[in-house]
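The exercises below are to be worked with the sequence and the 3D structure at hand. Each task is followed by a solution in steps.

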Amino acid sequence: MFTIDETAPVIVRLSTTIDAPLERVWALHTDIDAWPSWNADVDQTELDGPLLPGNSFSWKTHGLDITSTVREIVPGERLVWGGPAGGIEGVHVWTFEQTGGQVTVHTEESWSGAPVDAAATELGQALHESLTSWLAALKARAEQAG
């Protein structure tokens with residue numbers, strides 16, 4: 001099982017509860033090519049092949065061109081990706097847990113590398129804001145789709 005880098009200078013952990021079925025939340029989150037349609041922070045995405053470990057996807061967010069590699073996928077439960085972007089090595093773990101008619105989505109991400117060492121506080125705040133926005137967008141889209 002892949003995890004974030006617990007020794008990284010920046011680690012953000014957040015969660016939200018979504019009033020929607022797990023199948024809908026999972027489908028929205030794993031349809032990477034559709035992210036820009038519901039997440040205003042994502043400008044462009046392109047998945048290279050099926051969403052499977054070892055495959056990559058390219059995306060643009062907050063002015064960064066990122067190529068992430070899928071490291072782990074447990075359908076309906078867990079998705080992990082990571083990779084370098086602008087000198088930052090990121091690892092992002094998403095977990096999904098259904099309780100009744102709700103889904104709790106947990107996200108945790110670590111950032112390391114020279115840019116992070118130089119500006120950990122600022123980059124930590126930027127990551128926190130980005131993940132807060134992502135969870136809010138996922139929640140809004142999943143709940144409106146009902």
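**Exercise 1. Glu72**

Task: find which residues Glu72 contacts, leaving aside its neighbours within four places in sequence, and decide whether Glu72 is buried or exposed.

Solution. The model is a predicted one. Step one: beyond its neighbours within four places in sequence, Glu72 is in contact with Met1, Phe2, Pro53, Arg78, Leu79 and Val80. Step two: locate the residue; Glu72 belongs to strand β4 (residues 64-74). Step three: the relative accessible area of Glu72 is 13%, so Glu72 is buried. Step four: look for a polar partner; the side chains of Glu72 and Arg78 make a polar contact at 3.1 Å.

**Exercise 2. Asp43**

Task: classify Asp43 as buried or exposed, and list what Asp43 touches, not counting residues up to four places away in sequence.

Solution. Step one: Asp43 is part of strand β2 (residues 42-47). Step two: the relative accessibility of Asp43 is 53%; exposed means over 50%, so Asp43 counts as exposed. Step three: not counting residues up to four places away in sequence, Asp43 touches Pro36, Lys60, Thr61 and His62. Step four: for a distance across the model, take Ile11, which is 32 residues from Asp43 in sequence and 24 Å from Asp43 in space, C-alpha to C-alpha.

**Exercise 3. Aromatic pairs**

Task: how many aromatic pairs does a search of the whole structure find, and how are the rings of Trp26 and Phe96 arranged?

Solution. Step one: the search finds 12 aromatic pairs. Step two: the ring centres of Trp26 and Phe96 are 5.1 Å apart and the planes are at 85°, so this pair is edge-to-face. Step three: Trp26 is in helix α1 (residues 22-30) and Phe96 in strand β6 (residues 88-99), so the pair ties together parts 70 residues apart in sequence. Step four: repeat for Trp81 and Trp134, whose ring centres are 6.1 Å apart with planes at 35°, so this pair is tilted. Trp81 lies in strand β5 (residues 78-85) and Trp134 in helix α4, 53 residues apart. Both Trp81 and Trp134 are buried. Step five: ring pairs link Trp35, Phe57, Trp59, Trp81, Trp94 and Trp134 into a cluster.

**Exercise 4. Asn39**

Task: decide whether Asn39 is buried or exposed, and find which backbone nitrogen the side chain of Asn39 reaches.

Solution. Step one: Asn39 sits in the loop between α2 (35-38) and β2. Step two: with a relative accessible area of 1%, Asn39 is buried. Step three: the side chain of Asn39 reaches the backbone nitrogen of Asp41 at 3.0 Å. Step four: leaving aside neighbours within four places in sequence, Asn39 is in contact with Trp134 and Ala137.

Methods:
Residues are numbered from 1 along each chain as its sequence is written. This is a predicted model: local features need pLDDT of at least 70, side-chain atom pairs count only at pLDDT 80 or more; totals for chains, interfaces and linings use all residues. Side-chain values use heavy atoms; hydrogens and water are left out. Helices (H or I, at least four residues) and strands (E, at least two) are DSSP runs, numbered from the N terminus. Buried means under 20% relative accessible area, exposed over 50%, partly exposed in between (1.4 Å probe, protein chains only). Contact means heavy atoms within 4.5 Å. A polar contact is a pair of N or O atoms within 3.5 Å; within protein, one must be able to donate a hydrogen and the other to accept it, and residues adjacent in sequence count only if both atoms are side-chain atoms. Rings of Phe, Tyr and Trp (its six-membered ring) pair if their centres lie within 6.5 Å; planes under 30 degrees apart count as stacked, over 60 as edge-to-face and the rest as tilted.
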